[in-house]
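Subject: Handing over a structure, with notes

Dear colleague,

I am passing this structure on to you, and below it you will find my notes. Please read them with the sequence and the 3D view open beside you.

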Amino acid sequence: MLKRIITIAFAAIVSTTTILAQEVKKPRLLIENFGCADGLSNDLRDMLRMNVISAINLTERFEVMDANTQAILDQESTRRASESAMADRTARTGIITTKANNYILRGSLLTLTTQSTIVEGKTRYTYSLGYSITLIDVDNSKDIASETFSHGTGGVQNIIGGTGGKILNQLSTYASEADAINGGLSCIKNDIVNFLIKYLPLEGEVIAEDYEVKKDKIEACYINIGSGLGVKVGDYFAILVAQVRAGRTIYQEIGRLKIKEVLDETLSYCDVTKGNKVVYEMMEEYKTMLADDPNTLPIIVRLTKGSVF
């Protein structure tokens, strides 16, 4: 029988109130206009960019800002600032802030071509897609990560991954060039979602006030992030604890959890899927340490696999 470990009612109420009072502010991500290699059309470049934006929006983790829209806002901001110099009160109070981006994403289309082949007397098409993505931290103007992605069926007997790779069959071809291009672009969603998980991992904290235990093993718990940062049912998170080594704080994974229910913008209910005993022991230790030192570093969670696929 599950026993619920609950703190004093007053403490739980205070904690819940604090969580609900938190303002969820998504990081702002500016998507710049993409470049493309010589010989490639602007239409193909823009198709790549729109698919990247669509993939980012799927995560629901960012306030996405289109560079084209931002350029218009910059112009409007300049106009209103000029008007404010003429004592236009409405313009003064309506100046639009456009410099509040946290991250910038740049991209370039390297190749997007099709090739025809004959399969059982019919013309079929394959694609070759290559593009690069760079993520920049606005605060320090440094690149967080840059990665090049390549996809392509190449042909009915094309081998992916070298001599030991997988031989593709006829299902890897398409009835038209447009279908082949769309087939290549469909790969972008997984690329971008995994890119963001790898280089901008979503993090939160395990809530120590209320969790479920069975035979000294934690079964379920709550975390302090939810729909406000794009958490979805089925997402997987690593559970990590802080350790100080050589004067530096590092985090060690002790378990895994899976989102079972997203309760609101800052609260999700989770099943612990790995490390149940260790996580329970660390939760108990954390509560004891927290009672002695309010500055004790929390047990954190970090997104490892999204459920948008």
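Is Glu120 buried or exposed? Glu120 is exposed, because its relative accessible area is 69%, where exposed means over 50%, buried means under 20% and partly exposed means in between, with a 1.4 Å probe and protein chains only.

Before going further, please note that this is a predicted model, in which local features need pLDDT of at least 70 and side-chain atom pairs count only at pLDDT 80 or more, whereas totals for chains, interfaces and linings use all residues. Residues are numbered from 1 along each chain as its sequence is written, and side-chain values use heavy atoms, with hydrogens and water left out.

Confidence

The chain averages a pLDDT (the predictor's confidence in each residue, from 0 to 100) of 82, and 77% of its residues score at least 70. Among the elements, the lowest mean pLDDT, 36, belongs to strand E8 (residues 159-160), and the highest, 98, to strand E14 (residues 267-274). Two stretches call for care when you read the model: over residues 89-98 pLDDT stays under 50, and the model has 18 contacts beyond four places in sequence for them, a contact being heavy atoms within 4.5 Å. Over residues 155-170 pLDDT also stays under 50, and for this stretch the model has 26 contacts beyond four places in sequence.

The chain as a whole

The chain contains seven helices and 15 strands, which are DSSP runs numbered from the N terminus (H or I over at least four residues for helices, E over at least two for strands). Of its 309 residues, 40% count as buried. Among contacts between residues at least 6 apart in sequence, 67% join residues at least 24 apart. The accessible surface comes to about 17,100 Å², and 51% of that belongs to carbon and sulfur atoms; these areas come from the Shrake-Rupley method with a 1.4 Å probe, and for residues only the protein chains shown count as cover.

The cores

The largest nonpolar core has 32 residues, and those with the most contacts inside it are Val52, Ile56, Leu105, Ile133 and Ile192; such a core is a set of buried Ala, Val, Leu, Ile, Met, Phe, Trp, Tyr and Cys residues joined through side-chain atoms within 4.5 Å. Several elements each supply at least two residues of this core, among them helix H2 (42-59), strand E5 (103-119), strand E6 (122-137) and helix H6 (188-199). Ile133, leaving out residues up to four places away in sequence, touches a set of residues that includes Val52, Leu105, Phe149, Ile192 and Phe195. A second, separate core has 28 residues, including Val206, Ile218, Ile254 and Ile259.

Cysteines

A search of the whole structure finds zero disulfides, a disulfide being a pair of cysteine sulfur atoms within 2.5 Å. Cys187 counts as buried because its relative accessibility is 18%, whereas Cys36 counts as partly exposed because its value is 26%.

Single residues

Arg45 has its place in helix H2, and its side chain is joined to that of Asp46 by a polar contact of 3.0 Å. A polar contact is a pair of N or O atoms within 3.5 Å; within protein, one must be able to donate a hydrogen and the other to accept it, and residues adjacent in sequence count only if both atoms are side-chain atoms. Beyond its neighbours within four places in sequence, Arg45 is in contact with Phe34, Gly35, Cys36 and Leu109.

Ser176 is in the loop between strand E9 (166-167) and H5, and a polar atom of its side chain lies 3.1 Å from the backbone nitrogen of Asp179. The C-alpha atoms of Ser176 and Thr126 are 8.9 Å apart, although 50 residues separate the two along the chain.

Asp264 is found in strand E13 (residues 248-264), and its side chain reaches the backbone nitrogen of Leu267 at 2.9 Å. Asp264 is partly exposed because its relative accessibility is 24%.

Finally, to return to Glu120, this residue sits in the loop between E5 and E6, and its phi is near 50°, a positive value in a residue other than glycine. Asp216, in the loop between strand E10 (203-214) and strand E11 (217-223), has a phi near 60°, a positive value in a residue other than glycine.

With best wishes
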